[in-house]
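Colleague: I have not worked with this model before. Please pick a single part, go through it closely, and then show how the rest connects to it.

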Amino acid sequence: MSADFQRKKLGYFFRILDLNSNGCLQMDDFTEMVEKVRVTLNYEPGSKEHKRITDKAVKLFNSLVKDIKPFAFNQVTEEEWVDFFLKKVILSGDEDTLDDYKELIFNFMFDFFDQNRDGFISKKEYEDFYDIFGIDRAYCDKAFSLLDKTQNHKLSRYDLMSAVEEFFAASDTTLHGNWIFGNWESEPHVID
């Protein structure tokens with residue numbers, strides 16, 4: 001497995017989550033994420049759906065930061081993030097730990113963006129995901145098409161779980177899952 005390839009993808013994913021682009025993941029990034037989702041999906045402030053996504057975001061942030069920096073859990077730098085996932089999760093050889101993190105990230109993403117709760121991500125829901133995280137929409141059509149294995153114009157839980165697994169654990173640069181978050185060789189939040 002190419003650690004350099006994995007390092008690039010992990011850094012790219014970190015920068016997607018670092019919505020304020022300050023080089024640290026903090027609760028502010030997750031609060032901003034929730035607000036962008038709330039506005040995009042037209043959830044009323046304080047509504048059941050708004051509270052649901054807020055709870056999910058807070059739990060994810062606290063879980064990740066606690067695991068990466070157990071004694072100072074208010075922020076994580078990109079270097080800490082990449083080192084943790086590369087050494088303790090991906091290259092550790094511990095399949096259970098790798099599966100736990102893939103599941104954690106997958107469930108968070110899928111639950112956030114399956115807006116109508118039908119068990120699939122539509123093209124519109126996938127576009128909303130790109131918009132919320134500042135991922136260049138120029139890659140959205142390609143990514144959706146590559147991930148839609150049955151070509152039924154929606155992504156199933158299986159399609160997305162497979163893509164998350166490829167993105168986080170595979171070293172083959174040609175796998176379709178590498179495109180789940182757009183072009184990992186570009187910079188998120190900087191759209192031409």
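Modeller: A residue is called buried under 20% relative accessible area, exposed over 50% and partly exposed in between, using a 1.4 Å probe and protein chains only. The model is predicted, so local features need pLDDT of at least 70 and side-chain atom pairs count only at pLDDT 80 or more, while totals for chains, interfaces and linings use all residues. Residues are numbered from 1 along each chain as its sequence is written, and side-chain values use heavy atoms, with hydrogens and water left out.

The part I take is helix α4, residues 78-90. Helices (H or I, at least four residues) and strands (E, at least two) are DSSP runs, numbered from the N terminus. In α4, the buried residues are W81, V82, F84, F85, L86, V89 and I90. Their cover includes the helices α1 (3-17), α3 (48-68), α5 (95-113) and α8 (157-169), together with the strands β1 (24-26) and β2 (75-77).

One of these neighbours, α1, packs against α4 at an angle of about 130°, with the axes 9 Å apart. Axes here are lines fitted to C-alpha atoms, for helices over the stretch in contact, and angles run from 0 to 180 degrees between N-to-C directions. α1 is therefore oblique to α4 (under 35 degrees is roughly parallel, over 145 roughly antiparallel, 65 to 115 roughly perpendicular, and the rest oblique). The two helices cross in a right-handed way, the near helix being turned clockwise from the far one by less than a right angle. On the α4 side, the contact (heavy atoms within 4.5 Å) uses E78, W81, V82, D83, F85, L86 and I90. On the α1 side, A3, Q6, R7, L10, G11, F13, F14, R15 and L17 take part. By class, these residues are 10 nonpolar, 2 polar and 4 charged. Nonpolar covers Ala, Val, Leu, Ile, Met, Phe, Trp, Tyr, Cys and Pro; charged covers Asp, Glu, Lys and Arg; the others, Gly among them, are polar.

R15 and E78 also form a salt bridge, with the closest N and O atoms 2.5 Å apart. Since R15 belongs to α1 and E78 to α4, the pair ties together parts 63 residues apart in sequence. A salt bridge means a side-chain nitrogen of Lys or Arg within 4 Å of a carboxyl oxygen of Asp or Glu. E78 is partly exposed, at a relative accessible area of 25%.

The structure holds 15 salt bridges. Another joins K56 and D111, at 3.1 Å from N to O. K56 lies in α3 and D111 in α5, so this pair links parts 55 residues apart in sequence. K56 is partly exposed at 26% relative accessibility.

The residues in contact are M27, F30, V34, E35, V37 and R38 of α2 with H50, I53, T54, A57, V58, L60, F61 and N62 of α3. They comprise 9 nonpolar, 3 polar and 2 charged residues.
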